[in-house]
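Reader: I have a structure here that is new to me. Can you walk me through what was computed from it?

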Amino acid sequence: MPAASSSAGRPRRARPSWLGLVVQPAAVAVVFAAFCVWLSTADLTTAERTTLNPSALVTYTGEHLALTFASAAIVLVLAVPLGVLLTRRPFRRAAGPVLVLANFGQAAPAVGLIVLLALWLGFSFWTAVIALVLYAALPVLRNTMIGLQSVDARLVEAGRGMGMSAVSVLFRVELPLAVPVMLSGIRTALVLLVGSAALATFIGAGGLGLLITTGVNLFLPKVLVSGALLVALLALLIDWLGRVVEHVARPKGLR
């Protein structure tokens, strides 16, 4: 009985945090390898073989990544400073209207937003980027604000009491503690961007979405499924990279 009670009283060991970081990329690699084997051995028609040419797939993937990372960079440059600004005392009243505008960008159907902007700005790569920025800004903006607002006010007061300026408190106290929440929003935005970038093909901006539209228009199910699979694998890979950055950048005391 004592042995049983002592074993029951022991705290359960948490699973290693690295386990989840290893399983996801391994699964992506296995599925991608299986796709490559299928692509090299499948009995494809001339149209399917031309569309699923490896060099073409590399080009489409590069275009997709360019759309994703260009949009993500602009979102970070705009949404993070704006989120910080809206948590400062003089600008807090503007937080509500700004969040409403950002929520409108995400609430609007992505394909409709892209097409409407294309009719106004033209069918181009940067038009797609602008639409994706409007679509993905909300998670980063909202999580930046939530992360900063969740910092214990006593820590901020302690920093000010030690003689630190407001800017020093922001960069040395508030932002480090808000990093986990902020990175979660950035990871969410990246996954949204990968999926939404497939719609850029409707305005001639390229990307893996071209495989999906080609498969639908020409009734090529293998091409359609291949495009959807590659977009899904890319989203999972980007999500994994975001999780790695989130784990590494998290303050040691919060891991």
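This is a predicted model: local features need pLDDT of at least 70, side-chain atom pairs count only at pLDDT 80 or more; totals for chains, interfaces and linings use all residues.

Reader: What share of the contacts comes from residues 24 or more positions apart?

Author: Such residues account for 76% of the contacts with a separation of 6 or more. A contact means heavy atoms within 4.5 Å.

Reader: Now the spaces. What volume does the largest pocket have?

Author: The volume of the largest pocket is about 420 Å³. Its lining has 15 residues, with T87, R88, R92, V156 and E174 nearest the centre. Helix 7 (125-149), helix 8 (153-161) and helix 9 (166-196) each give two or more residues to that lining.

Reader: What counts as a pocket, though?

Author: On a 1 Å grid over the protein atoms alone, a pocket is an open set of points with protein on both sides within 12 Å along at least five of seven lines. A cavity is a set where a 1.4 Å probe fits but cannot get out, and lining residues have an atom within 4 Å of a point. Grid points are joined across faces, edges and corners, and a volume is the space filled by probe spheres set on the points.

Reader: Which helix gives the largest share of the lining of the largest pocket?

Author: Helix 9, with five residues. By class, the lining of the largest pocket has eight nonpolar, two polar and five charged residues. Here Ala, Val, Leu, Ile, Met, Phe, Trp, Tyr, Cys and Pro count as nonpolar, Asp, Glu, Lys and Arg as charged, and the others, Gly among them, as polar.

Reader: What about the second largest pocket, what volume is that?

Author: About 310 Å³. The second largest pocket is lined by 15 residues, and L82, A102, V133, L134 and A137 are the closest to its centre. Two or more lining residues come from each of helix 4 (54-86), helix 5 (95-107) and helix 7. The lining of the second largest pocket has 14 nonpolar residues, one polar and no charged.

Reader: How many cavities of 30 Å³ or more are there?

Author: The count is one. The largest cavity holds about 40 Å³ of space, and its lining consists of A72, V75, L76, V140, I186, A189, L190 and L193. Helix 9 gives the most to this lining, with four residues. The lining of the largest cavity has eight nonpolar residues, no polar and no charged.

Reader: Switching to single residues. Is S71 buried or exposed?

Author: S71 counts as buried because its relative accessible area is 0%. S71 is in helix 4, and its side chain reaches the backbone oxygen of L67 at 2.7 Å. Leaving aside neighbours within four places in sequence, S71 is in contact with V129, L132, V133 and L193.

Reader: And M145, buried or exposed?

Author: M145 is buried, at 4% relative accessibility, and lies in helix 7. With neighbours within four places in sequence left aside, M145 is in contact with G83, L86, T87, A95 and L99.

Reader: Last one: where is F219?

Author: F219 sits in the loop between helix 10 (209-217) and helix 11 (221-249). F219 is exposed, at 68% relative accessibility. Its phi is near 55°, a positive value in a residue other than glycine.

Conventions:
Residues are numbered from 1 along each chain as its sequence is written. Side-chain values use heavy atoms; hydrogens and water are left out. Buried means under 20% relative accessible area, exposed over 50%, partly exposed in between (1.4 Å probe, protein chains only). A polar contact is a pair of N or O atoms within 3.5 Å; within protein, one must be able to donate a hydrogen and the other to accept it, and residues adjacent in sequence count only if both atoms are side-chain atoms.
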